[in-house]
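Student: I would like a close look at one part of this model, the surroundings of the ligand. Please take me through that part step by step.

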Amino acid sequence: MLDTTTAESADPEQYDVIIIGAGIAGIYQLYRLRQLGMKVRVFETGSGVGGTWYWNRYPGARFDSESYTYAYSFSEELLDDWNWSEHFAAQPETLRYLNHVADRFDLRRDIRCNSRVVAARFDEAARHWTVTLDSGEQAVTRFLVTAIGPLSAETLPRIAGVQDFQGQSFHTYRWPHEPVEFSGKRVAVIGTGATGVQVIQTIAPEVAALTVFQRTPNWCTPLHNAPITPEEQARIKADYPAMFARLRTTPGCYIHNTDPRGTFEMSAEEREAFWEKLYAEPGFSIWMANFRDMLTDPKANALFSDFVARKIRQRVRDPAVAEKLIPNCHGFGTRRVPQETRYYEAFNLPHVRLVDTRETPIERVTARGIRTSDAEHEFDIIIYATGFDAVVGAFERIEFTGSDGRTLKQKWADGPKTFLGLQSAGFPNMLTIVGPHNASTRCNIPRCIEQNVDWVTELLRTAQQRGITRFEATEAAEAEWSHHVEELADGMLYSKVDSWLTGINTNVEGRDVRRILQYQGGAPAYRAHCDAVAAMNYAGMVLS
Ligand code: NAP
């Protein structure tokens, strides 16, 4: 470890490990490294902990994983003393939970908020990273762990005039901490991904007029949220060990597991009855527990997409609006499925209007509203639910400079190259929790975060015990892993569709080519790869 006693009196401060980000990953990584007795500092941009759940305060933000499956599993005491109020908890409750964790384990003293990391440079001779904050301050660390999240680089639309609007406007990720008054207001929402859907269904009953600007419709299915009764609470708590064991066996660490049957292995009546059952079940069951070929066989996928299209037609009164809400350029589940609560019914309200921006494109934002090719719409509030420069965007917003003077942005210009989604050759001593090529972004994310963090912790424990001051993935191991990740994605329908899952974002220069950002082999296989690497004395990495 670094000799912190010899640090020069005038900064920079020296650490064994610097963690960037105090969200779910950063909080748990700090907790684990404390146990090793390491000197750790977490730098966090926000004024509080919580990451995703600190920033996304937009109306309607809530889980779409079952609350109790999403929470940390590392502490029995924590599991015992926290009661989730709903099967799919809302953002304020999750933020309270993460603050509770920070307090319960006395983590705040090592977390510095309001401290955005803007750059990090590896010094080959000293074998350490120098981290620079937006204030200009610097700190030095032997090891650097990024916990910056896959969806933390928000993007406003590239539409002329966004800065001209004179009313209130917000990106959902940058939602204000003060309440926003909707009553009597004319509101626009641009974007109909998982975020837009939550906003739209929540504010529709409150506002005077709501105009939804939709470019690509998504296949949305019911969340079926409900409060957790005292009896359920007792059952959930008693079942925790068995449930967490079960979560380790499913591809995405959800409580839903793929149905082993093929779509065409039964009668049409049986199939329909099964899909009706899924449609009535809570959460992602319909996506994750569907037939095994639903996300790989175009015919199976088309048949199920027809089923969901029929549901949309049943729920939306105006047939023309219903048709606009039915996706026609991608199949069910090939983009992230938004979970909804009376989303489709919102379009039956007389003051809610749908504008299809493929028919009538947005030309510009004006001082008073939004001008499309056929009309000028006036608004008091514009909400940008326009998404993120996903997975790699947050890495590009920090200038990481590796051992040969190249930046990570330069290295990943044609797509990420990683080893296990946790390391990148040329960037020694740096570990990327929930990085690209990692299983985490196809996962009930805290489950995969815990796995990532535990693996990183074991590597750092090894370094501590053996006096290792430098580790790095080899180019060969990285090439092999990156190839494996790409091969796995090949057979999946999602990889032929534009969305953040394939790295497409029309609002960012250069994000117009599909890229494989995620490991698609499922969390159990990913875990097995990581464990095998550790068991073989970190095969694929050079430790010195
Ligand atoms: P998103 O899925 O990327 O959706 C962005 C939306 O904005 C899309 O409808 C997109 O249209 C639209 N858009 C972007 N730029 C536009 C433009 N210039 N003009 C018109 N429309 C534009 O982002 P998101 O909804 O924030 O969701 C991102 C991810 O966050 C989700 O997939 C999910 O993984 C996560 N999330 C999770 C939860 C939860 O767990 N409860 C809730 C919300 C979000 P196109 O589709 O045509 O590009």
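Tutor: Start with helix 6 (residues 194-203), which supplies three residues, the largest share of the shell around the ligand. Helices here are DSSP runs of H or I with at least four residues, and strands are runs of E with at least two, numbered from the N terminus. This is a predicted model, where local features need pLDDT of at least 70 and side-chain atom pairs count only at pLDDT 80 or more, while totals for chains, interfaces and linings use all residues. Residues are numbered from 1 along each chain as its sequence is written, and side-chain values use heavy atoms, with hydrogens and water left out.

The shell holds 24 residues in total, and the closest are R62, D64, T195, T216 and W500. By class, nine residues of the shell are nonpolar, nine are polar and six are charged. Ala, Val, Leu, Ile, Met, Phe, Trp, Tyr, Cys and Pro count as nonpolar, Asp, Glu, Lys and Arg as charged, and the others, Gly among them, as polar.

Next come individual atom pairs. An N or O atom in the side chain of W500 is 2.7 Å from an oxygen atom of the ligand. For R335, a polar side-chain atom lies 2.9 Å from a ligand oxygen, and for R336 the distance from such an atom to a ligand oxygen is 3.3 Å. A polar contact is a pair of N or O atoms within 3.5 Å; within protein, one must be able to donate a hydrogen and the other to accept it, and residues adjacent in sequence count only if both atoms are side-chain atoms.

Finally, consider the surface. Taken alone, the ligand exposes 910 Å², and the protein buries 85% of that. Accessible areas come from the Shrake-Rupley method with a 1.4 Å probe; for residues, only the protein chains shown count as cover.

Terms used. Near = heavy atom within 4 Å.
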